[in-house]
Amino acid sequence: MRETGRLPLPLREDGPRWSTVAAERSVLGVVHNITSATRLLDLLAVFEGDERIQVFFTRTGSSALDGGTEEFLASRGMARISWQEALSQPFDLAVATSRGGELHRLPFPLIGAPHGAGYNKLLSREPGAGSREPGAGSREPGAGSREPGAFGLTSEWLVHEGRVVPAAIVLSHDEQLRRLADGCPEAVPRAVVAGDPCLDQLRAGLSFRAAYRRALGLLPGQRLVVVSSTWGRDSVLGAPGADVLRRALAELPADEFRVLAAVHPNAWYGHGAWQIHHWLAPLTESGMLLPAPETETWKAALCAADFLVGDHGSLTLYGTALGIPCVLGAFNDSAVAPGSPMDRLGRLLPRLSRTVPLLPQLLHAARTQPDDPELAALRQGVSSAPGESARRLRRLFYTWLKLPEPAHPAATRAIPVPSPGPAAPRLPHLPATLVTATTTAGEDAGSGGGTIRVQRFPASAQRTQSRHLAGAHLAADPDDPDPRWPRSADVLLVPAERGLLPDEVSGSFLTRRFPGCGAVAVEESGHGCTALFDDGTRLRARWAERRLRQESPDFVRLWESYEVAGDRTQLRRYRSPRVGALDVQFQSLWLDRARGERIIVMTPADATTTQRLERLDSLVGAAPAWTSGCGSAAGGEAVQA
């Protein structure tokens with residue numbers, strides 16, 4: 001940490017003697033809280049690689065929600081000075097992404113920009129209220145003779161003692177010029193429409209959707225639901241009775257969906273990261289992803305998302321601009337500026353119903369929102385300079401610095417692929433799940449080619465026996481320390497790491513300890529498990545994909561490089577002139593349907609076929625030479641080697 005009262009080296013009197021780089025200009029980044037700091041870094045990205053410019057940072061100390069801000073700056077090695085020190089230094093330019101604090105005291109040019117998706121929140125300087133936070137405003141009677149304007153676009157935030165404070169006011173869309181003219185007409189000449197650097201990043205990031213999905217741990221075919229919460233009592237996280245995060249975990253099949261919670265920094269640091277983790281521990285233990293909000297993981301998650309449940313926070317507006325099907329889990333109309341894009345979003349998007357299951361609401365949004373003309377217009381209302389923000393911001397900053405721009409074109413900075421952060425603690429036991437199974441007959445009723453669809457739901461997230469759990473069975477680990485689950489389980493699951501063999505489990509202490517269970521499934525080291533039933537019946541299952549991942553480097557390479565989509569498994573029959581009929585489960589794993597690229601996986605359908613394939617392998621020592629003959633029990637094809 002920097003010593004109290006000691007300036008960063010380039011600002012000290014002896015700085016020229018000891019500094020390594022002699023910068024020509026100095027820029028002050030003005031930080032209100034972590035939210036404004038993250039947006040400030042988006043703007044300052046235009047200076048990357050330019051040794052002529054040194055950036056310093058200061059905190060205004062004006063935010064009631066600035067917890068963690070000093071640690072944020074220090075952990076990134078930012079050169080920091082106090083607010084009082086900043087006022088006495090001859091900086092060439094200051095950049096702020098909030099209007100909070102005594103910005104009028106800065107003796108050098110200030111460029112002001114929004115810290116979210118434009119200017120959408122209400123906030124008034126009420127006597128005795130100090131520096132309040134955007135979103136805390138009100139449309140109650142007595143707030144003025146007309147509805148208040150958006151935070152950052154009115155005289156109370158832009159003018160001090162008759163003087164417009166910012167030298168330049170960054171807007172993201174032309175429509176904000178009209179609202180600025182209504183709220184502070186004398187500031188209009190200083191307005192610069194520069195687009196939105198965050199939205200430009202997000203749109204560019206869509207090309208890397210597959211990479212972000214892999215980094216977030218999504219499996220092929222899984223869909224990602226991002227649940228976004230701003231801060232405050234009317235957010236997704238704070239709204240009484242909203243229960244959105246738990247519902248997402250409880251109602252969406254765990255193997256088909258992943259849920260990621262994007263929590264606003266003001267909520268995260270206002271209550272403390274430990275407390276947020278503590279409150280949400282039952283959900284993270286059930287598989288919910290919970291990235292730290294000061295990282296850019298939320299941006300990667302939006303690029304990777306299939307659905308969004310949001311509120312009146314900027315992330316919801318960004319997701320809608322990307323075309324992600326969205327349902328509002330909460331929305332504080334009184335905190336939103338009338339006539340703003342967020343105001344229109346609140347009127348256009350459906351509100352989450354507490355009486356209708358979540359999945360049908362998400363699917364309805366996916367069907368109806370892409371072709372909605374009003375939503376299409378809203379998506380264009382976030383930035384009127386798409387893809388242009390880096391170029392426009394760089395031109396603005398360098399004009400005020402009186403420096404020529406770098407020779408290379410300004411470019412949008414790519415969203416980093418998320419790094420594995422602190423994960424939820426891995427429990428030593430398997431989580432209890434409620435499991436449903438539905439059977440679908442094959443096209444040929446006599447082929448035995450039907451499918452069974454198994455869906456799992458976290459047991460700890462359930463509160464009532466909902467419709468989606470009709471006929472569900474409880475599966476639990478016999479060693480789960482929470483006795484509710486193994487004592488009530490229909491099926492007990494024994495993972496391979498316990499070192500138990502099926503013969504050691506059958507009729508053993510497990511069935512005596514839990515007489516209510518109907519079956520015990522023992523995972524085997526390798527590629528499957530054995531299910532044991534009370535009547536002595538045994539069934540064995542094999543995981544073809546797991547074995548391929550362990551034994552085929554080529555399969556792993558293709559699996560990790562593509563969004564793989566699998567067709568329904570079919571039963572097919574082939575005939576070998578050497579060993580006879582071979583029944584296999586046949587599946588195509590498509591890498592690129594348009595180009596016809598796929599992995600064909602065939603696994604033995606029964607023990608007889610397994611024995612015949614082993615015999616065939618010993619005879620030829622390579623892939624068998626297939627011949628046509630019997631065809632397939634399910635429309636199979638013959639393959640000639």
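Analyst: Let's start with a term: two residues are in contact when they have heavy atoms within 4.5 Å. Among contacts in the chain between residues at least 6 apart in sequence, 64% join residues at least 24 apart. Some ground rules: this is a predicted model, where local features need pLDDT of at least 70 and side-chain atom pairs count only at pLDDT 80 or more, while totals for chains, interfaces and linings use all residues. Residues are numbered from 1 along each chain as its sequence is written, and side-chain values use heavy atoms, with hydrogens and water left out.

User: How many helices and strands does the chain have, and what makes a run count as one?

Analyst: There are 23 helices and 23 strands.

User: How do you know how much of the chain is buried?

Analyst: Buried means under 20% relative accessible area, exposed means over 50%, and partly exposed is in between, using a 1.4 Å probe and protein chains only. On that scale, 47% of the 641 residues count as buried.

User: What makes helix 13 largely enclosed?

Analyst: Seven of its eight residues are buried, so the rest of the structure largely encloses helix 13. Those seven are L315, T316, L317, Y318, G319, T320 and A321. After helix 13 comes G323, with a positive phi near 90 degrees.

User: Why are helix 13 and helix 14 called roughly perpendicular?

Analyst: Two packed helices are described by the angle between their axes and the distance between the axes. The axes are lines fitted to C-alpha atoms, for helices over the stretch in contact, and angles run from 0 to 180 degrees between N-to-C directions. Under 35 degrees is roughly parallel, over 145 roughly antiparallel, 65 to 115 roughly perpendicular, and the rest oblique. Helix 13 (residues 314-321) and helix 14 (residues 341-348) cross at roughly 75 degrees, their axes coming within 11 Å. The two helices are therefore roughly perpendicular to each other.

User: Which residues of helix 13 and helix 14 make the contact?

Analyst: Helix 13 puts in S314, T316, L317 and T320, and helix 14 puts in P341, M342 and L345. Sorted by type, four are nonpolar, three polar and none charged. For that sorting, Ala, Val, Leu, Ile, Met, Phe, Trp, Tyr, Cys and Pro are nonpolar, Asp, Glu, Lys and Arg are charged, and the others, Gly among them, are polar.

User: What makes strand 14 and strand 19 edge strands?

Analyst: Strands pair if DSSP finds at least two bridges between them. The open sheet of seven strands runs 14-13-15-16-17-18-19, with mixed pairing. Strand 14 (451-458) and strand 19 (538-542) each have a single partner strand, so one side of each has no neighbour in the sheet. From one strand to the next, the twist averages 25 degrees. Strand 18 (residues 528-533) and strand 19 share five bridges in the antiparallel sense, and G528 stands opposite R542 in strand 19.

User: How do you know that D477 and R498 form a salt bridge?

Analyst: The rule asks for a side-chain nitrogen of Lys or Arg within 4 Å of a carboxyl oxygen of Asp or Glu. D477 and R498 are 2.6 Å apart, N to O, and that makes the pair a salt bridge. D477 is in the loop between strand 15 (473-476) and helix 18 (484-488), R498 in the loop between strand 16 (491-494) and helix 19 (502-505), so the bridge ties together parts 21 residues apart in sequence. D479 also bridges R498, with the closest N and O atoms 2.7 Å apart. By this rule the count is 30 salt bridges.

User: Are D477, D479 and R498 buried or partly exposed?

Analyst: D477 has 0% relative accessibility, so it is buried. R498, at 25%, is partly exposed, and so is D479, at 42%.

User: Why is R392 called partly exposed?

Analyst: R392 has a relative accessible area of 23%, so it lands in the partly exposed range. It sits in helix 17 (residues 389-401). Leaving out residues up to four places away in sequence, R392 touches V193, A194 and A385.

Definitions and conventions. Helix = DSSP H or I, 4+ residues; strand = E, 2+ residues; numbered from the N terminus.
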